[in-house]
Structures are given as C-alpha cells and as structure tokens.
Amino acid sequence: MNVKQRTIKNEVEISGVGLHTGKIVSMTIKPAPENHWFKFRRVDLEGQPEVLVDADNVTDTSRGTTISQNGASVSTIEHLMASLIGLQIDNVMIDIDGPEIPILDGSSAIFVKLLEEAGFEEQDADRDYYEISSNIHYAEPERKVEILGMPMDDYRLTCMIDFNSPVLGSQHAAITSIEDFKAEIASSRTFCFLHELEMLVDHGLIKGGDLSNAIVIVDKETSPEELQKLAHLFHNDTVAVAKEGILNNIQLRHQNEPARHKLLDMVGDLALVGRPLKGHIMAARPGHAANVAFAKKIKEQIKKDKTRKKIKVYDPNMPALYDTVEIMKILPHRQPMLMVDKILELTETHVVGLKNVTMNEDLFMGHFPGAPLFPGVLQVEAMAQTGGILVLKTVPDPENWLTLFLKIENARFKAQVTPGDCVIFRCDLMEPIRRGIAKMKGVAMVGEKIVCEAELMAQIVRVNNN
C-alpha cells in the first residue's frame, strides 16, 4: 500500500533565542500543500522572500547549517528539520522573523512535542521517497570522515563519533527505523568542548547560548577561576566538572548523548536532499559539511536515476522483429562490418537493435587481444546501422539506398564493452526526416548501464536506379 504525504493540521508558534545571533526569533510553522516540501519565509524582510530547504541552497556549515535564497538566509535549521523528518512530515511553510532558528533546549524534543500537539493531516499524493538502489559513498580521508548509503526498504541510520578525547571516547548511536527517532534521538542535545566554548565566546558567537542548552565536555585542566568566569558569563552562580567529564550544568539524558545528537544532525541535514529517503546511512565522524556533501551526492544520483528511467530496459531474449537475414535485406553491410544481429522494436520515430559481442569477431585479433575491448568507434557504427533501419524503412526499396554519415556530435563512452556483452542500441528521431536527412539520439546499453551515447545525422542516397 502506498504511503501518503502529510502535513500538520494546525499552525505551530514558537519563540526563542538564536544560538549564535542571540536574537529573539518568532516562528510559525504552517500546513502546506502536496509536493511543497519545507520552505522558510522571512516575514521580516521586504517581499517576504522564501528559502527552500535544499542542498543547493546551503551557504555555510561552520557552526550549523545555513541556507540562502532570494536574498534571504536562515541558520541553524538542522534541529527543526530533524523533527520534521523524524515525524515523517512532508510539507510545511515556516514563517520566521529573524535569521536563525531558536535553539530552545539544544535538541529536537520541543519541536517534536509542539508538532505532535498540532496534529497531522494525510494528503492525497503518495509520499515521494527516494530509495537508494546502490551504494553511495562519501569520504574525507584526511579527517577520517566516511558516510555510506546502502539500499534498504526503510530509513535506518548508524553513527560513530571519535574526537580523540579521553573524556568523550568513541561513541555509537543507531536507529533501526525513522519511527524510532522520537523516542531514541529527539531529546539529545548539542554538545561542544570547553576549548571550543571559549573560542566561540571570544569570536562573538553563541550570544544566545546558556548552560541549559548544551553539553560542555571538559577536555583540559580547568582552574576554579576559569569555572567562575564561565558561570558569570552564562548567568549561573557556580559550575563544576561532573564525574562524567562534563560541566555539571545539566545531566546527560543518555550515556551516549553526543553520538545521538550527531545522528540527529544527520537526519536534519539530509532533509536537504529535498524528499524522504529509504536506505541505511552509516556515518563515521560526520559533521554538517560532510552531511551536506553527502546530501549533494544523493541528489546527483537522483538526477542520474531520472535520466536512466527515461530509457526502457529491453529483454535481449524477446522475439526479434527482424533477424540477421532480414536485416541484410535492408542494410548493405556484410560480415565483418554488419554490426546488428536483430531488431527488437521499430516505430515511425525510434528503433531498437541488438548486437552480441563475441571473442570470435575478427577485430579482436588486432584490437587489444590480451585485453579485448569492443572499440568505441564500432559502437557508434552499430548505433548508426540500427538507426539506418529506421531511416531506410521510410522508402519502398531500401536495397537501392545507402545511409551516409553527415555528422556525429556529443559522443560519450561511459563504460567498456567486452566479449560476452549483449549491447542494446536505441535510436530516437530528434526531428522529422526531411529530404532524406535524419537526426537521431542514440544510446547503447548493456543491461541497465549506458555504455555509449551520441547524436547522429545521416542521409540516405540512391545507389541503384534499376
């Protein structure tokens, strides 16, 4: 049964301070129509410009994820995005009167609670999942960052972090299904190291931070004077180092809360793909920059898949429309230059042919006999012969005509063809045939893989007037 898209029933109003800007921001999350996805609307700016949640709109990942479009920006979007994905919401419009999402308690828990109170409304359109069909890999070897997306009929995430810290150590977190997000991940708060906290303060950041919305990991010797300075900075009477190696401003909600929060950030950042996902995402040492780069890789794969879906995959064992003998009645080519074994499909605008590549072909005696490859130039020739069937079927006496190349453009060879491969050639007319001149788009495939493509122009000329 197809899963339907959903939005929220009622508007959600949230106010709070931005973590880095320190500005009070008010936000209203509103229902949105089908196929809308997530958009922000900066209601404080002239024209109320909208910003789509999309990886192509990311402009900064230094201390959170920032997106920009139409002259407007919204920062620190990841916790809100994680709550929307975790609750499997597909469409909302977010009106906001400032540049940064409120930090609240540093997790997604408050967002989740308010969205659940608003209720959900099922919509008519099916949910537009992108299902990862083959492994997608991203790595930054110098930082030992690695993210892998694998096929799975659900959305599962696994995360490992390791900051070479004796206090934090190596931690893991995982959810076996996105439905576990609320219970296992949503309440996990952001964290930072004490040395980072001091640097952020010195650079005028975390103006909206206090010691109630972040776990502070103490990774260095700290004097009583430094602790008192921190307490004063964040409006606390006193702070100390707890036995877990963190400031005692808060208690951990989970023993591996930092790893769970990194997983939360992954869920939020991968909303930048622009549609819900199905797959198992495994990440080692992820961060916002890596998450965004991985989201872009998924988007690239989506574009490739869309192109591939436009091309029908043919069964090479389907009955032949024309076999080799019938092809030789149309084409003048003969062994060893006849490159089409059978025609599978033929209409007024396209033709599909097939060639079985075998080691017995004469060309392999001289063309890389130690590592036989079917030459790219002969792939184009076979494509042209397939197209020649389409063109010559427009005349009543094809045996009296030849097809001659006029032009080859945009030829690309994408994969090797070797003995044992069965190559399917499809040629589609790019425009109607005029004065015996045909312009075609040709694609060669081995299974589902495109191995060659080109645009061909040919003309038929009479060779026998009898």
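Visitor: Leaving aside neighbours within four places in sequence, which residues is His-79 in contact with?
Guide: Ile-103, Gly-106, Ser-107, Ser-108, Phe-111, Thr-190, His-261, Leu-264 and Asp-265. Contact here means heavy atoms within 4.5 Å. Before we go on: this is a predicted model, where local features need pLDDT of at least 70, side-chain atom pairs count only at pLDDT 80 or more, and totals for chains, interfaces and linings use all residues. Residues are numbered from 1 along each chain as its sequence is written, and side-chain values use heavy atoms, with hydrogens and water left out.

Visitor: Got it. Where does His-79 lie, and is His-79 buried or exposed?
Guide: His-79 lies in helix 1, residues 78-86. Helices are DSSP runs of H or I with at least four residues, strands are E runs of at least two, and both are numbered from the N terminus. His-79 counts as buried, at 4% relative accessibility. Buried means under 20% relative accessible area, exposed over 50%, and partly exposed in between, using a 1.4 Å probe and protein chains only.

Visitor: Which residues does UniProt list for "binding site"?
Guide: The unreviewed UniProt entry lists His-79, His-261 and Asp-265. UniProt positions are in the numbering used here, feature names are shortened, and annotations may be inferred rather than shown by experiment.

Visitor: Why do you say they gather at one spot?
Guide: They span 187 residues in sequence, yet no two of their C-alpha atoms are more than 9.4 Å apart, so they gather at one spot.

Visitor: And what joins the side chains of His-261 and His-79?
Guide: A polar contact of 3.2 Å. That's a pair of N or O atoms within 3.5 Å; within protein, one must be able to donate a hydrogen and the other to accept it, and residues adjacent in sequence count only if both atoms are side-chain atoms. His-261 sits in helix 6, residues 257-269, and is buried with a relative accessible area of 1%.

Visitor: Switching topic: what order do the strands of the open three-strand sheet have?
Guide: The order is 6-7-8, with antiparallel pairing. Two strands pair if DSSP finds at least two bridges between them. Strand 6 (58-60) and strand 8 (72-74) stand at the edges with a single partner strand each, so one side of each is left without a neighbour in the sheet.

Visitor: How many bridges join strand 6 to strand 7?
Guide: Two, and strand 7 covers residues 66-69. Val-58 stands opposite Ile-67 in strand 7.
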